[in-house]
Amino acid sequence: MRLAYSSNIQGVIEDIPLIQLKSFKFYYRKNPDDSEIQNLKFSLQKHGLLHPLIVRNMGSFYEIVRGHRRYKACKALGWKKILCHIIDANDKEAYEISLMTNIQRKLLTPIEEAQAFDKYLSNYKWGGITELAERIGKSRSYIYRRLSLLEFPSDIITAISNSNIDPSIIEELAAIKDETLKEKLSEDAIENKYSCMQIRQIRKIWEEEQKINDNCYIEHEKNIRQIDKDPERLFNKMIILLKNASRNMTPIIDDTEENWILYDSFMQHKKVLENQIDILLKERKRIRQMCI
């Protein structure tokens, strides 16, 4: 037996019989497939066990806090004993240590991280985001961004887990409040293999359109209150507003000329604006004739 201070975690190092080891009751990772175990077996045979398992003494057995895959590989190789780092920790501390060490070594997928954070906060109710961030050495914004991944439909979550879409792209999309648009862009990102920059540009365009729509709504409310005072002036303001919106869309559309899908979509929106301007011009003319 010898003292150990691995990863700033005090404990002792001992060889423990595999028969005395059991899985962590708060295990949060997906089970390894056969290829992962085969790769680990090859590494163990060639290099040996480079890092001891982290376990805690539960009295009649030892519970594996970190190292389940290595344990399975050692068991598959027929090892009788395995080097373990024995720590003294309660459930919450063991979970935090497991998370911290796995994140430090970048062993978790973004979805595994998100699900582990959610269990800590919601299922086990061990603390808030601030406390969790301090325990695992990450910022609160990092945890918020990871948790946002769980808000997407199951097929998008599966795509992230299978590395079919970069989680940074999903984090960009998570800021969009329109759920229909969010889901549609997520599907497009997978199908068209959009980069994070492309998603950011699309999101910016959407936000600008939302701003225009909000401004239109505000102007519309003002117009309703003043319609009896000067209808033609209000029509002029609405026409100018839509013409400015149409004009502002032109450079954005020009930037998408190489992407015919976006270009065609934005051109259709521009035509809708132009048609609306024509309608307003006709209505203004009708109002003039009524006032004569």
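Reader: Why does K106 count as exposed?

Author: This is a predicted model, so everything here is computed from it. K106 has a relative accessibility of 71%, and exposed means over 50%, so K106 counts as exposed.

Reader: Where is K106 found, and what makes its phi worth a mention?

Author: K106 is in the loop between helix 3 and helix 4 (110-123). Its phi is positive, about 55 degrees, although K106 is not a glycine. Most residues other than glycine have a negative phi.

Reader: What about K125: buried or exposed?

Author: Exposed: K125 comes out at 63% relative accessibility, and the cut-off is over 50%. K125 sits in the loop between helix 4 and helix 5 (129-136). Phi of K125 is near 50 degrees, again a positive value in a residue other than glycine.

Reader: Let's go to the strands. What makes strand 6 largely enclosed?

Author: Five of the seven residues of strand 6 are buried, so the rest of the structure largely encloses it. Buried here means under 20% relative accessible area.

Reader: And why is strand 4 called mostly covered?

Author: Strand 4 covers residues 53-57, and four of its five residues are buried. Each of those four falls under the 20% cut-off, because that is what buried means.

Reader: How do you know that strand 4 and strand 6 pair?

Author: A pair needs at least two bridges, and four bridges join strand 4 to strand 6 (residues 81-87). So the two count as paired, and they run parallel. Two of the contacts can be named: R56 has I87 as its bridge partner in strand 6, and V55 has I86 there.

Reader: Which way does strand 4 pair with strand 5, parallel or antiparallel?

Author: Antiparallel, over four bridges, with strand 5 made of residues 62-66. V55 turns up here too: its bridge partner in strand 5 is I64. The hairpin of strand 4 and strand 5 has four residues between the strands, and G59 in that hairpin takes a positive phi near 100 degrees.

Reader: What makes strand 2 a partner of strand 6?

Author: Six bridges join strand 2 (residues 11-17) to strand 6, and at least two are needed, so the pair qualifies. The two strands run antiparallel, and I16 stands opposite I82 in strand 6.

Reader: How many disulfides are there?

Author: The count comes to zero. Take C74: the nearest cysteine sulfur, that of C84, is 8.9 Å away. A disulfide needs two cysteine sulfur atoms within 2.5 Å, so C74 is in no disulfide. C84 is in no disulfide either, and its nearest cysteine sulfur is that of C74.

Reader: Are those cysteines buried or exposed?

Author: Buried. C74 has a relative accessible area of 0%, and C84 also comes to 0%.

Reader: Which residues touch the most other members of the largest nonpolar core?

Author: They are I160, I165, I169, I170 and L173, out of 34 residues in that core. Among the helices that each supply at least two residues of this core are helix 7 (154-161), helix 9 (179-192) and helix 12 (260-291). Helix 11 gives the largest share, seven residues. Nonpolar side chains tend to be buried together in soluble globular proteins.

Reader: What makes helix 8 mostly covered?

Author: Seven of its eight residues are buried. The buried residues of helix 8 are P167, I169, I170, E171, E172, L173 and A174.

Reader: How much space lies in the second largest pocket, and which residues are closest to its centre?

Author: About 460 Å³ of space lies in that pocket. Of its 23 lining residues, L40, R66, R69, R70 and L107 are the closest to the centre. The elements that give two or more residues to this lining are helix 1 (34-47), strand 5, helix 2 (68-76) and helix 3 (91-104). Helix 1 gives the most, with five residues.

Reader: How do the residues of that lining divide?

Author: The lining of the second largest pocket has nine nonpolar, eight polar and six charged residues.

Conventions: Residues are numbered from 1 along each chain as its sequence is written. This is a predicted model: local features need pLDDT of at least 70, side-chain atom pairs count only at pLDDT 80 or more; totals for chains, interfaces and linings use all residues. Side-chain values use heavy atoms; hydrogens and water are left out. Buried means under 20% relative accessible area, exposed over 50%, partly exposed in between (1.4 Å probe, protein chains only). On a 1 Å grid over the protein atoms alone, a cavity is a set of points where a 1.4 Å probe fits but cannot get out, and a pocket is an open set with protein on both sides within 12 Å along at least five of seven lines; lining residues have an atom within 4 Å of a point. Grid points are joined across faces, edges and corners, and a volume is the space filled by probe spheres set on the points. Ala, Val, Leu, Ile, Met, Phe, Trp, Tyr, Cys and Pro count as nonpolar, Asp, Glu, Lys and Arg as charged, and the others, Gly among them, as polar. A nonpolar core is a set of buried Ala, Val, Leu, Ile, Met, Phe, Trp, Tyr and Cys residues joined through side-chain atoms within 4.5 Å.
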